Amino acid sequence: MDEKQKYFDAFGAEWDKELTAEDLERLSNIIDNFHVSQGLKVCDLGCGTGVLFDILRRRVGESGFIVGVDFASRVAHKAHHNFPFHNVGVVEADVCCLPFGDGIFDMVVSFAAFAHFSHKDETIHQAYHILKPGGRFIAIHLVGRDELAREHHQHGGPIDHDELPDREQLAEMFSRGHFPNFELTDTKSLYLAVGFKD
Ligand SMILES: C[S@@+](CC[C@H](N)C(=O)[O-])C[C@H]1O[C@@H](n2cnc3c(N)ncnc32)[C@H](O)[C@@H]1O
């Protein structure tokens with residue numbers, strides 16, 4: 001287990017307590033912009049304890065499903081425990097080595113986690129493979145790139161250098177990952193990156 005994995009295994013299960021009702025409402029509104037409809041298959045990378053699951057479950061309904069992925073076993077167990085529904089699954093794995101076949105998901109989403117992924121190129125590449133044609137990869141942070149870097153640096157420890165790519169870096173990552181188009185919003189209070197698969 002590397003230092004970051006150990007860190008999230010020790011503290012990750014408590015992270016959801018820091019989210020406010022306002023955060024959850026903002027998150028819910030962001031997800032609404034992506035028109036998540038009944039029957040969609042969604043993969044949540046770095047799912048933590050499943051903060052996004054409830055928001056997604058209400059939208060994909062009984063005919064859709066959600067699979068969360070997290071490499072911290074205590075966190076993944078808590079997510080599984082919190083959501084014992086037939087259409088919600090949790091897989092303990094590193095997001096750079098996803099144990100899924102090609103073209104399964106309509107949407108791959110990641111909330112408050114993309115900055116922490118050590119192998120972002122590989123993760124984007126994997127996301128491309130598990131997405132269906134026309135699918136989207138969406139990375140959401142409720143703060144902008146500069147502010148998040150400052151927070152992580154202040155926090156220190158194994159997440160000290162966890163940063164989000166700027167527009168140029170992201171363009172290169174998406175292009176290497178075969179996503180032909182992407183959009184980025186990076187303001188003081190939001191980082192929202194979306195890659196579109198053809
Ligand atoms: C700040 S937490 C956010 C969790 C969750 N998305 C939420 O909103 O509650 C970041 C999560 O990403 C996970 N994570 C970080 N790097 C990962 C990796 N390479 N593979 C899988 N999970 C990872 C951590 O274990 C942690 O649960």
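User: In which strand is the place of Phe196? Walk me through that part and the sheet around it.

Analyst: Phe196 sits in strand β7; strands here are DSSP runs of E with at least two residues, helices are DSSP runs of H or I with at least four, and both are numbered from the N terminus. Before going on: this is a predicted model, where local features need pLDDT of at least 70 and side-chain atom pairs count only at pLDDT 80 or more, while totals for chains, interfaces and linings use all residues. Residue numbers start from 1 along each chain as its sequence is written.

Back to Phe196. It counts as partly exposed because it has 15 C-beta neighbours inside 10 Å; the scheme calls a residue buried at 20 or more other C-beta atoms within 10 Å of its own, exposed at 12 or fewer, and partly exposed in between, with C-beta atoms placed from the backbone. Setting aside neighbours within four places in sequence, Phe196 is in contact with Arg136, Phe179, Asn181 and Phe182, contact being C-beta atoms, placed from the backbone, within 7 Å. Tyr128 is 68 residues away along the chain, yet its C-alpha atom is 9.0 Å from that of Phe196.

Now the strand's partner. β6 and β7 run antiparallel, joined by 7 bridges, and two strands pair if DSSP finds at least two bridges between them. A hairpin of 2 residues links β6 to β7, and Thr187 has Leu190 in β7 as its bridge partner.

Over by β3, the pairing with β2 (residues 65-70) is parallel, through 5 bridges, and Gly68 stands opposite Val90 in β3.

In the loop between α7 and β6 you'll find His178, which has a positive phi of about 75 degrees although it is not a glycine. His178 is partly exposed because 13 other C-beta atoms lie within 10 Å.

Finally, the core. The largest nonpolar core has 51 residues, and Val42, Cys43, Leu52, Ile66 and Val108 touch the most other members; such a core is a set of buried Ala, Val, Leu, Ile, Met, Phe, Trp, Tyr and Cys residues joined through C-beta atoms within 7 Å. Its largest share, 6 residues, comes from helix α3 (residues 51-60). Val108 touches Cys43, Leu45, Ala127, Ile130, Leu131 and Phe137, leaving out residues up to four places away in sequence.

Note on methods. Contact = placed C-beta atoms within 7 Å.
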